Amino acid sequence: MRSSMVSSSEVGMRNFHLIKHGKVCPLINVDKLWSLVPEGTREQFAAKKDKAPVIDVMKAGYMKVCGKGQLPEQPLIVKARYFTKEAEVKIKDAGGVCVLVA
């Protein structure tokens, strides 16, 4: 006599090594980069032309910097794991630097 419950071997294939969250990559756009820095810091570095603030997007919980939006003409140093080409161009046009972090 067969049970009414279906065993797991009859349901389908299982993928034991599947990591469902393996491709999660939180991103931030170029126009939101200055929101990670306090307003006083931005004004402080606006007066100094030889120094730039360092924005570490990894500490803020982001991994990738995308190129949507405008960036003010103020140099900045951005640390991230991934950059799009458009974001890299906009940051460098503003006088900034893109630093890759592993």
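A polar contact is a pair of N or O atoms within 3.5 Å; within protein, one must be able to donate a hydrogen and the other to accept it, and residues adjacent in sequence count only if both atoms are side-chain atoms. The model here is predicted: local features need pLDDT of at least 70, side-chain atom pairs count only at pLDDT 80 or more, and totals for chains, interfaces and linings use all residues. Residues are numbered from 1 along each chain as its sequence is written, and side-chain values use heavy atoms, with hydrogens and water left out.

**Exercise 1. Work out which backbone oxygen the side chain of Gln74 reaches, and whether Gln74 is buried or exposed.**

Step 1: find the residue. Gln74 is in the loop between strand E3 (64–66) and E4. Helices (H or I, at least four residues) and strands (E, at least two) are DSSP runs, numbered from the N terminus.

Step 2: check its accessibility. Gln74 counts as buried because its relative accessibility is 10%. Buried means under 20% relative accessible area, exposed over 50%, and partly exposed in between (1.4 Å probe, protein chains only).

Step 3: follow the side chain. It gets to the backbone oxygen of Arg42, at 3.1 Å.

Step 4: list the contacts, meaning heavy atoms within 4.5 Å. Skipping residues up to four places away in sequence, Gln74 touches Trp34, Arg42, Phe45, Ala46 and Ala94.

**Exercise 2. Find which rings have a charged end over them.**

Step 1: know the rule. NZ of Lys or CZ of Arg must be within 6 Å of the ring centre and within 35 degrees of the ring normal.

Step 2: take Trp34. Its ring has the charged end of Arg42 over it, 5.2 Å from the centre.

Step 3: take Phe45. Here the charged end belongs to Lys48, and the distance to the ring centre is 6.0 Å.

**Exercise 3. Describe the largest nonpolar core and the surroundings of Ile91.**

Step 1: count the core. It has 17 residues, and Leu33, Val57, Val65, Val78 and Ile91 have the most contacts inside it. A nonpolar core is a set of buried Ala, Val, Leu, Ile, Met, Phe, Trp, Tyr and Cys residues joined through side-chain atoms within 4.5 Å.

Step 2: see who supplies it. Strand E4 (77–80) and helix H2 (85–93) each give at least two residues to this core.

Step 3: turn to Ile91. Beyond four places in sequence, its contacts include Leu33, Val65, Val78 and Phe83.

**Exercise 4. Say where Ala102 lies and how far it is from Gln74.**

Step 1: Ala102 is in the segment after strand E6 (97–100).

Step 2: Ala102 counts as exposed because its relative accessibility is 91%.

Step 3: C-alpha to C-alpha, Ala102 and Gln74 are 26 Å apart in space, and 28 residues apart in sequence.
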